[in-house]
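Dear colleague,

I am handing over the structure we spoke about, and the sequence and coordinates follow directly below.

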Amino acid sequence: DAFNNREFVMYYQPILDLVRDKVIGAEALIRWFPPSGEQISPAIFMDVIENSSFMIPFGRWILQECFKDLRMIQEKRNDKSFSLSINISGKQFTQSDFIEEVEKMRTNNNLEPESIKLEMTERVMMDGTLALDSLSRFHDIGYGLSIDDFGTGFSSLQYLFRMPLDNIKIDRSFVRDMLRDDKALAIVKSL
């Protein structure tokens, strides 16, 4: 009902290049504002959606919104290099036609694959060969690939070795404590 009533809204958190003091991209964040007006945290609703059959249509809508908004941002900024990071569910990566679907949306919006960064959690590593094949194909096309919240799941260096990743986003529990905890600092440095 919330989806049909258009209660979900995309927000975009800026990504800064601190050396050049410039906004170079953004990360897409989904927010839910029910009629009561009080925002519901994604920590509450995303697990429910990801573990339901609704994840595929919901994820498709998110991509459509993100691609449309990215095109608009790039046009307004006159900057085709402005990138957008979008979280993708493991269920989406195991869809047999997912790559074709994403490619159609991307080309319909006249976007370069290099301006799109697909982010996933470590759980995608557990989804088997189909997910790894999809990641490799996305990488070959030119999309950026990132692991988000790394260190919170069943991390394996073997999976990292096999995956065509551009970035590893270390979970904040390690980063937050790295100046106070030698173990957290050692983990962050080694990653």
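Glu-75 forms a salt bridge with Arg-71, the closest N and O atoms being 3.8 Å apart, although please keep in mind that this is a predicted model. Both residues lie in helix H2, 4 residues apart, which is about one turn of the helix. Glu-75 counts as exposed because its relative accessibility is 56%, whereas Arg-71, at 28% relative accessibility, counts as partly exposed.

A second pair is formed by Arg-137 and Glu-100, whose closest N and O atoms are 3.1 Å apart. This pair links distant parts of the chain, with Arg-137 in helix H5 (residues 129-141) and Glu-100 in helix H4 (residues 98-108), 37 residues apart. Arg-137 is partly exposed, with a relative accessible area of 41%, and Glu-100 is also partly exposed, at 42% relative accessibility.

Arg-176 forms a salt bridge with Asp-177, with 3.6 Å between the closest N and O atoms, and Asp-177 is partly exposed at a relative accessible area of 22%. Glu-27, Glu-119 and Lys-169 are linked in a network of salt bridges, and a search of the whole structure finds 12 salt bridges.

As for the strands, S1 (residues 8-17) and S2 (residues 22-32) run antiparallel and are joined by 10 bridges, with Val-23 in S2 as the bridge partner of Leu-16. Their hairpin has 4 residues between the strands, and Asp-21 takes a positive phi near 50° there.

For the chain overall, there are 8 helices and 6 strands, and from the N terminus on the elements run β-β-α-α-β-α-α-β-α-β-α-β-α-α. The radius of gyration is 17 Å, which agrees with the value near 16 Å that a compact globule of 191 residues would have. Buried residues make up 42% of the 191 residues, and of the contacts between residues at least 6 apart in sequence, 62% join residues at least 24 apart.

Methods. Residues are numbered from 1 along each chain as its sequence is written. This is a predicted model: local features need pLDDT of at least 70, side-chain atom pairs count only at pLDDT 80 or more; totals for chains, interfaces and linings use all residues. Side-chain values use heavy atoms; hydrogens and water are left out. Two strands pair if DSSP finds at least two bridges between them. Helices (H or I, at least four residues) and strands (E, at least two) are DSSP runs, numbered from the N terminus. The radius of gyration is taken over C-alpha atoms; the globule rule is 2.2 Å times the number of residues to the power 0.38. Buried means under 20% relative accessible area, exposed over 50%, partly exposed in between (1.4 Å probe, protein chains only). Contact means heavy atoms within 4.5 Å. A salt bridge is a side-chain nitrogen of Lys or Arg within 4 Å of a carboxyl oxygen of Asp or Glu.
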